[in-house]
Amino acid sequence: MTKNLPTETTISALLLEVLNTADAVAKANHARTVFREISAQNLPFGAEPAPDRPARPAKPELVPPNKMPRRGTGGLKGRQGLLHALAHIELNAIDLAADIIIRFGADLPAAFTTDWLSVLDDEARHFLMLEKRLNELECSYGALAAHDGLWQAAYDTRHDLGARLAIVPLVHEARGLDVTPPTVERLETHGDAASAALLTIIYNDEITHVKIGMRWLNHYCAAQQIDIARFFQKQVAQHMRGGLKPPFNDEARALADFPATLYAPD
């Protein structure tokens, strides 16, 4: 049963606790607890500001994206590298979900907070699944290097909800829809059915996350009375050097209500 919280407890204060938790496993577990606590009670939103950077563990070492080693899926080290990189993405995604609610949720319908809380819980569950699988493969989160590109995208869009929605769920997370199916196939080919099944779960949840991003970008553009395709393409040009690279998983993006007129205009 969910505990009764003090009357001064707010949504933003609970989410700030997630952002301020450094240990990766503790962050994920606390995110799941906070999701349940907020979902079970009618809490005020609060006014706690989001930090520019969340608390993070001492490891992994963060290196520039172009210094990251290439990953395969065949040998043990290749699978460890792949799953570690995905765990790092999911850890970032926990903080991203908490951050977008604290930073922008007070001025939006309650459904915005509800949607991103569901994403928060999913990302925490994904991280814990990946960490468990890494442990089974004689590895753990923090053992390998990682890069900070995803949080840099969050930092660059910290003052602009429209830019945040366009770049984080609709560029970075949507890219997962493009690259995950062939990765699953390679894992299955190499006999790692357990990792393939885990990535399939994450892939299906990410369709929902991209759909949530599209829902709120549509809301944002309608409120601003601006054309969504033109706005999205402007954000990509501003924040993504070189633009978006095909191939795109049109089928999965369509399931997420993400029209090709946005990401692959004629």
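Predicted model: local features only at pLDDT ≥ 70, side-chain atom pairs only at ≥ 80, totals over all residues.
Residues are numbered from 1 along each chain as its sequence is written, and side-chain values rest on heavy atoms, with hydrogens and water left out.

Helices are DSSP runs of H or I with at least four residues, numbered from the N terminus. Their axes are lines fitted to C-alpha atoms over the stretch in contact, with angles from 0 to 180 degrees between N-to-C directions. Angles under 35 degrees count as roughly parallel, over 145 as roughly antiparallel, 65 to 115 as roughly perpendicular and the rest as oblique.

Helix 1 (residues 11–19) packs against helix 2 at an angle of about 170°, the axes being 9 Å apart, and the two helices are therefore roughly antiparallel. Contact, meaning heavy atoms within 4.5 Å, is made by Ile 11, Leu 14, Leu 15, Glu 17, Val 18 and Leu 19 of helix 1 with Lys 27, His 30, Ala 31, Val 34, Glu 37 and Ile 38 of helix 2. By class, this contact has 8 nonpolar, 1 polar and 3 charged residues, where Ala, Val, Leu, Ile, Met, Phe, Trp, Tyr, Cys and Pro count as nonpolar, Asp, Glu, Lys and Arg as charged, and the others, Gly among them, as polar.

For helix 3 (residues 76–104) and helix 5 (residues 149–156), the axes come within 9 Å and cross at roughly 15°, so that these helices are roughly parallel to each other. Their crossing is right-handed, a term applied when the near helix is turned clockwise from the far one by less than a right angle. Ile 89, Asn 92, Asp 95, Leu 96 and Asp 99 of helix 3 meet Leu 150, Trp 151 and Ala 154 of helix 5, and the residues of this contact comprise 5 nonpolar, 1 polar and 2 charged.

Helix 6 (residues 161–189) and helix 8 (residues 228–239) pack at about 80° with axes 9 Å apart, which makes helix 6 roughly perpendicular to helix 8. Among the residues in contact are Gly 162, Ala 163 and Ala 166 of helix 6, and Phe 231 and Phe 232 of helix 8; the contact divides into 8 nonpolar, 3 polar and no charged residues.

The second largest pocket has a volume of about 260 Å³. On a 1 Å grid over the protein atoms alone, a pocket is an open set of points where a 1.4 Å probe fits, with protein on both sides within 12 Å along at least five of seven lines, and lining residues have an atom within 4 Å of a point. Grid points are joined across faces, edges and corners, and the volume is the space filled by probe spheres set on them. Of the 16 lining residues, Ile 11, Ile 38, Ala 110, Thr 113 and Thr 114 are the closest to the centre of the pocket. Helix 2 (24–40) and helix 4 (110–136) each supply at least two lining residues, and helix 4 gives the most, with 4. The lining divides into 10 nonpolar, 6 polar and no charged residues.

Most residues other than glycine have a negative phi, and most peptide bonds are trans. Glu 138, in the loop between helix 4 and helix 5, has a positive phi of about 60° although it is not a glycine. The peptide bond from Lys 59 to Pro 60 is cis, with omega near 15°, and Pro 60 lies in the loop between helix 2 and helix 3. A cis peptide bond with omega of about 5° also joins Pro 246 and Pro 247, the latter residue, Pro 247, being found in the loop between helix 8 and helix 9 (250–255).
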